[in-house]
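Reader: Can you walk me through this one? I'd like to start with confidence and then go to the contacts.

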Amino acid sequence: MQRFLDPAVLAGISGLDLIAKTVVDGFVAGLHRSPDFGFSQEFAEYRAYTTGDDLRHVDWNLFARTDRCYLKRYRGETNGQLTILLDASNSMKFGSHAVSKMDYARYIAASLFYLAIHNQRDPAGLLVFDDEVRNYIRPSTRQGQLHRLLAGLEQAEPMARTDFTKPLTHLQEFLNRRGMVVIISDFYDSPEAIAKTIEPLRFHGSEVVLFHVLDPQEIKPQIRAPSILVDLETEQKLEVIPEYARGEYRRRMDAHLQGMRDQSRAAGLDYYLLVTDQPLDEALSQYLYLRPGGR
Amino acid sequence: MGFLAPWFLAALAGLGLPVYIHLLRRHTTTPRLVSSLMFFERGTQSSTRHRRLRYLLLFSLRALLLLLLALAFAGPFIRRPSSATSDRLLVVVIDNSFSMRAGRHLEDAKQEAMRLLATRSASQRAQVMVLGAELQVLTQPIEDARALRAAVEGIRPGDSHGSFGELGRGMRALSETVHTPIDLHLFSDMQASNMPGNFADMVMPGNVALILHPVSKENLPNWTVESVEAPAQLSDPKKAHVVAVIVGHHTPVAARLVSLVINGVVSATRTVNVPADGRTTVAFDSLDVPYGVSREEIKIDSADSFSADDAICFAVKRADPERTLFVHQGSDSRSPFYFGAALGATGQASFVLQAIDANQAADIDPAQYAFVVLSDVDSIPSILENSLKRYVESGGGVLIAAGTSTARRRKLPLLGESVDQPRYYSQAGGYATVGRVDDASPMMKDSSGWGDTKIFYASAVQPGQARVVSRLSDGTPFLLDYSVGQGHVVVFSSGIDNVTNDLPLHPAFVPFVDHVARYLSGSERLSGMRVVDTFVQLRSPVGEGVSNPSAVDVVAPDGSRPLTLQEEATMQTLRLVQAGFYQIRYPNGREVLLAVNPDRRESDLQSIPDDVLRLWSEGASGASRVNSASDAADQSKRSVYKLWWWVMLFLLIAAVMESIVASRYLGTQREEV
């Protein structure tokens, strides 16, 4: 089953629903020994009642048996709705092997939708953007929401350039409930600008997770001869020599990634680097394991 | 600019190869799509520009390499203007012949030459020569002004007779090795007597431009002692007399005081009237010289600017008459009579004849005699023959009269030459006459009466290595000169009597005997007056296997020794280059004093007419124009400067640079792999 989690294998499967099911089921099947896992609102601890606490959280059964007033607390109490912001700019079209960054982002998003709706019964929504908001599906748990989301993912073809400002402004208008916001992008912008643009989402109490999707060729480009490179978004052409790609480019890319990590941490954002040749279960487990509620 | 093999330029089509490799092929690179050029922007552009620059550099080097290769095969050349001053060789020739001692001619010539050298451009090569009897090169073609100046300053007045013919020959030889144009500047008094007999000898070759610098514009008046007749050897001073000829060149009528100076002391003076531009003779009736060799001088009072030619020196040897051994047959009394009479009739009477029968001559030492005569002897004692051989080889002289008795012996004494088929002209009812005479021989200086002599008998002597001085009308050698060792054997192929010929009865017999006596005794060769630049024989040619270790000793007029030790042991002749008295001691111990005087043609200071000078100078450049429209244009064609060495040098540099640049580029690619 694990072999189906290879992105290259998944690329041969048509239909995001099947891909999501394959990924999640396979992933969950491999984690049977970890029962305390998931988005569910699980019991965490009892705490003695103090004045001012909400009486709705009082465990009345315990009060009846012991005549003591305790409050029941759950881990998943901060989680609820999942909103995925998918970057559908032209740069996401890049792929040095069978799976492009856009494909990989779709698989990730589909898997997360499947986990949230099918397993957790949480509302999930999708916002596809480039420099504009191209598609927005409100978070919901209604019947057929998963299909609508998957269809939205299917229709998200890369075009235009990336601009985080408009989609996030748009999202803030509709984001009236705390939840989890997942942004899947290749983040070709300065880390400071990205953090500064995304940070306001946290002010609503939402947990913001950044999935940084990159192709292996973008991290360590293999250029054996002087080549003319064409920017997918701007169509600008540039001649590049191998020694530059091997030296200076890698230093700049490493600095960029490190900047993303540092700026995210500083802004209270969760940041995960996903490379498109990385199996999806590893990507999911990396995320889910590292999440505070995942342990 | 041109090309020697322009068809090789077709190889320039090969330039398309680097153009394809660097420009065309590079443009076919397939663009690669990337997500963003965000990280390529800043550093990438400068790096690419640098890379592109290196590509262009490599492309340029490769294209240059092919271009230079094609050029090298095509043989490029440029034509340099032949009139470029630095390309012309400046030849400075200063005349230092004897006539340049007149006035300040030589000093003026040197100063003018120095001025010319001073105005020369520093890059122009120049050469200094001096012209006397021959053209002497003082410097090679150089640019060093200091060396050129030193060469000019070092020129001393000479005693030679100048020759413009030698200048022409020298320039023709120079033009064969120097192909650049030559500017020949001649500083001379342009003496007319320096012109050769044939004007063509002094014409310059085509690439020589002759520029004349006459140091004297006018014909200076000059009196000189033209010649002196004086005995080289005498025994009685009262019988000797000296005759001198005083001549004036471009002079008015004047009275001149002529002095006879003996060993530095004025012995006698005469006043003579020299006609205008003419000559006169003055005689001194006695020559009262002491025993031994004396230095004499005929001198006139100095009244012109050319004082160096106011005297002629000569040497006179006073000695008792030398004995001459006359060996004859006992029955022959005519020969010693005629020969002795002729010998006594000579002006100086320096020889005394001692006649002796051949049979009684065994104990005679020939070394005690000035020369020996073997007069028609059929045999001589072997002791005498051996003594005579040694005597001749050490420098002695023998006259052999080969009369009828010698013909019977069929072999000449001393020489061993065979005598065959004697010519008895009288038996045929007639006689032979003297057909040809070698006037250059010192024995035949006065041979005017020989044509009237009747020869009735002559021995047919095989000449072998001998110099035939005279032949009879039928070609039979009549007088032969054999060189044996350091001496001479003269063969007279008839008798010294009035039977076999009538020469002893003719007046020509006396000067003949006189000259033969002087020649064989060596006084002709070893004394008297010589002219500068003539040669004196130091020793006879040494035959193979004959050793001649003895050295001659020569002291020049200035007291120097002109020969090195090796030359003193080996040289056969000496060139007399200075005027004055040469002291020579020969290998056989004989010492002589030679008076050497400059050529008196140098005393006539008449210049070459202007039209001749113009013809000479213009003829040099004119000849080049005439000889070829081709030659003048030739000159420019000849100054083609080939550039292929430079092309090859640049090719090498380009190849090295291309290797360096290409290896760096290829090295980068290897690292990537």
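Reader: What is the mean pLDDT of chain A?

Author: The mean is 77, and 79% of the residues of chain A reach 70 or more. Over residues 31-40 of chain A the pLDDT is below 50. That stretch has 12 contacts in the model beyond near neighbours in sequence. Where pLDDT is low, the predicted coordinates should not be read in detail.

Reader: OK, the interface. How many residues of chain A are in contact with chain B?

Author: On chain A, 27 residues are in contact with 18 residues of chain B. Strands S8 (227-231) and S9 (237-240) and helices H9 (242-246) and H10 (248-267) of chain A each supply at least two residues of that side.

Reader: Which element gives the most?

Author: S8(A), with 5 residues. The chain A side as a whole divides into 14 nonpolar, 3 polar and 10 charged residues.

Reader: What does S8(A) join in chain B?

Author: S8(A) is joined by 3 bridges to strand S2 (residues 32-34) of chain B, and the two run parallel. A:Val230 stands opposite B:Leu33 in S2(B).

Reader: Switching to chain B: at what angle do H3 and H4 cross?

Author: The axes of H3(B), residues 105-119, and H4(B), residues 145-153, cross at roughly 170 degrees and come within 10 Å. Angles over 145 count as roughly antiparallel, so H3(B) and H4(B) are roughly antiparallel to each other.

Reader: Which residues meet there?

Author: From H3(B), B:Lys110, B:Ala113, B:Met114 and B:Leu117 meet B:Ala145, B:Leu148, B:Arg149, B:Val152 and B:Glu153 in H4(B). The residues of this contact divide into 6 nonpolar, no polar and 3 charged.

How values were computed. Residues are numbered from 1 along each chain as its sequence is written. Chains are lettered from A and ligands numbered from 1 in the order in which they are written. This is a predicted model: local features need pLDDT of at least 70, side-chain atom pairs count only at pLDDT 80 or more; totals for chains, interfaces and linings use all residues. Two residues are in contact if their C-beta atoms, placed from the backbone, lie within 7 Å. Helices (H or I, at least four residues) and strands (E, at least two) are DSSP runs, numbered from the N terminus. Ala, Val, Leu, Ile, Met, Phe, Trp, Tyr, Cys and Pro count as nonpolar, Asp, Glu, Lys and Arg as charged, and the others, Gly among them, as polar. Two strands pair if DSSP finds at least two bridges between them. pLDDT is the predictor's confidence in each residue, from 0 to 100. Axes are lines fitted to C-alpha atoms, for helices over the stretch in contact, and angles run from 0 to 180 degrees between N-to-C directions. Angles under 35 degrees count as roughly parallel, over 145 as roughly antiparallel, 65 to 115 as roughly perpendicular and the rest as oblique.
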